[in-house]
Number of protein chains: 2
Amino acid sequence: MAYSVLPLTRLIEQFEKLPGVGRKGAQRLAFHVLGLPKQKAVDFANAILEAHEKIKKCSVCQNLTDAELCPVCMDGGRDRGVICVVEDPRDVIAFERTREYKGVYHVLHGLISPMEGIGPEQLTIKELIARLGDGEVKEVIMATNPTVEGEATAMYLARLIKPMDIKVTRLAYGIPVGGNLEYADEVTLFRALEGRSEL
Amino acid sequence: MAYSVLPLTRLIEQFEKLPGVGRKGAQRLAFHVLGLPKQKAVDFANAILEAHEKIKKCSVCQNLTDAELCPVCMDGGRDRGVICVVEDPRDVIAFERTREYKGVYHVLHGLISPMEGIGPEQLTIKELIARLGDGEVKEVIMATNPTVEGEATAMYLARLIKPMDIKVTRLAYGIPVGGNLEYADEVTLFRALEGRSEL
């Protein structure tokens with residue numbers, strides 16, 4: 001546009017950078033935020049800053065948390081003998097929604113992907129192996145997405161962990177192949193947990 | 001979810017309040033923002049705060065601006081004899097994209113809508129009438145959306161302005177009836193400007 005109001009243009013540009021938001025959508029969001037009462041806009045901005053300041057990785061499972069340990073690792077009622085390995089903190093949220101899993105998690109923060117130049121050393125595999133050393137862990141469940149990278153990462157980890165005499169299992173294919181774990185419904189996820197098989 | 005990390009939940013909730021963003025979408029946006037480098041997140045938050053602090057209404061046309069006058073009203077090359085009346089600042093952006101309109105604007109910031117309890121006194125109609133008093137204005141173009149509220153507002157304004165001996169015109173129906181002005185393409189908008197008819 002020929003004339004632009006700089007602070008508004010900047011706000012639109014910020015929204016445009018978000019995934020799945022186009023130019024029109026960014027404009028709509030920017031005008032919406034601009035139309036908010038002052039305090040609501042301040043709350044929004046603070047939520048962004050606060051999340052960035054306070055959220056870090058749990059020192060045990062690498063999930064996101066605002067304390068030293070994440071809520072799952074802090075919970076004494078969880079079974080520390082079973083570790084569910086996931087790609088992403090969103091996958092933990094999905095599993096917690098089933099209300100059936102009583103073990104703990106390990107968040108890899110990515111998958112091995114030679115195409116994108118992501119090797120094992122960029123994931124939290126070192127931290128996972130360290131957790132397996134104390135003999136407390138009986139089973140590691142591979143719950144990476146059923147994609148090429150997810151399978152490859154699961155196979156890689158299985159080969160690392162099996163020599164340590166720990167059972168390694170994989171989610172059953174109740175989850176639709178090629179789909180995205182984050183969008184699976186609770187029942188499907190629970191069936192997948194139940195039918196897990198040894199790798 | 002059973003366990004929640006408060007700053008993250010708060011951020012997701014903020015995104016969920018945006019128009020057209022659901023729970024999954026909000027989660028995706030929140031994790032995206034969380035994954036940004038610190039400085040980018042600060043930039044995002046500041047863009048929201050800055051827009052809210054600096055953007056106000058142009059004292060002449062009521063469009064959004066970060067100065068006393070908006071860029072259009074400040075431009076000496078614009079024809080102050082023609083005023084294009086629009087509902088929304090986004091409509092100004094749409095007209096400016098045609099690069100054909102040389103007059104100025106007046107932004108109503110809404111439409112008369114008894115259903116939503118919006119009467120003429122909540123719009124910037126008082127300010128529009130004040131602008132018409134100096135005899136400089138030759139024509140007022142009604143460019144409200146071709147909806148029931150848009151038509152009603154245009155008719156209401158036409159009845160107010162005509163006795164002042166000023167030509168009142170309406171955009172031609174080049175714009176699709178029932179559609180939204182904001183999404184019209186440049187050519188359609190230009191045709192609509194060209195074919196405008198007297199009310």
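**Close-up 1. Surroundings of Ile48(A) in the predicted model.** Once its neighbours within four places in sequence are left aside, Ile48(A) is in contact with Leu11(B), Val33(B), Ala41(B), Phe44(B), Ala45(B) and Ile48(B). The model shown here and in the views that follow is a predicted one.

**Close-up 2. The largest nonpolar core.** This core has 45 residues, and those with the most contacts inside it are Phe15(A), Ile48(A), Phe15(B) and Ile48(B). At least two residues of the core are supplied by each of helix H1 (6-16), H2 and helix H3 (38-54) of chain A, and likewise by each of helix H1 (6-16), helix H2 (23-35) and helix H3 (38-54) of chain B.

**Close-up 3. The axis relating chain A to chain B.** The same surface serves both copies, since 100% of the contact residues of chain A recur in chain B.

**Close-up 4. Helix H2 of chain A and helix H5 of chain B.** The axes of helix H2 (residues 23-35) of chain A and helix H5 (residues 89-98) of chain B come within 11 Å and cross at roughly 145 degrees. On the H2(A) side, Arg23(A), Lys24(A), Gln27(A), Arg28(A) and Phe31(A) take part, and they meet Pro89(B), Arg90(B), Ile93(B) and Arg97(B) in H5(B). Sorted by class, the contact of H2(A) with H5(B) has five charged, three nonpolar and one polar residues.

Definitions and conventions: Residues are numbered from 1 along each chain as its sequence is written. Chains are lettered from A and ligands numbered from 1 in the order in which they are written. This is a predicted model: local features need pLDDT of at least 70, side-chain atom pairs count only at pLDDT 80 or more; totals for chains, interfaces and linings use all residues. Side-chain values use heavy atoms; hydrogens and water are left out. Axes are lines fitted to C-alpha atoms, for helices over the stretch in contact, and angles run from 0 to 180 degrees between N-to-C directions. Helices (H or I, at least four residues) and strands (E, at least two) are DSSP runs, numbered from the N terminus. Contact means heavy atoms within 4.5 Å. Ala, Val, Leu, Ile, Met, Phe, Trp, Tyr, Cys and Pro count as nonpolar, Asp, Glu, Lys and Arg as charged, and the others, Gly among them, as polar. Copies are superposed by least squares on the C-alpha atoms of residues with pLDDT of at least 70 in both. A nonpolar core is a set of buried Ala, Val, Leu, Ile, Met, Phe, Trp, Tyr and Cys residues joined through side-chain atoms within 4.5 Å. Buried means under 20% relative accessible area, exposed over 50%, partly exposed in between (1.4 Å probe, protein chains only).
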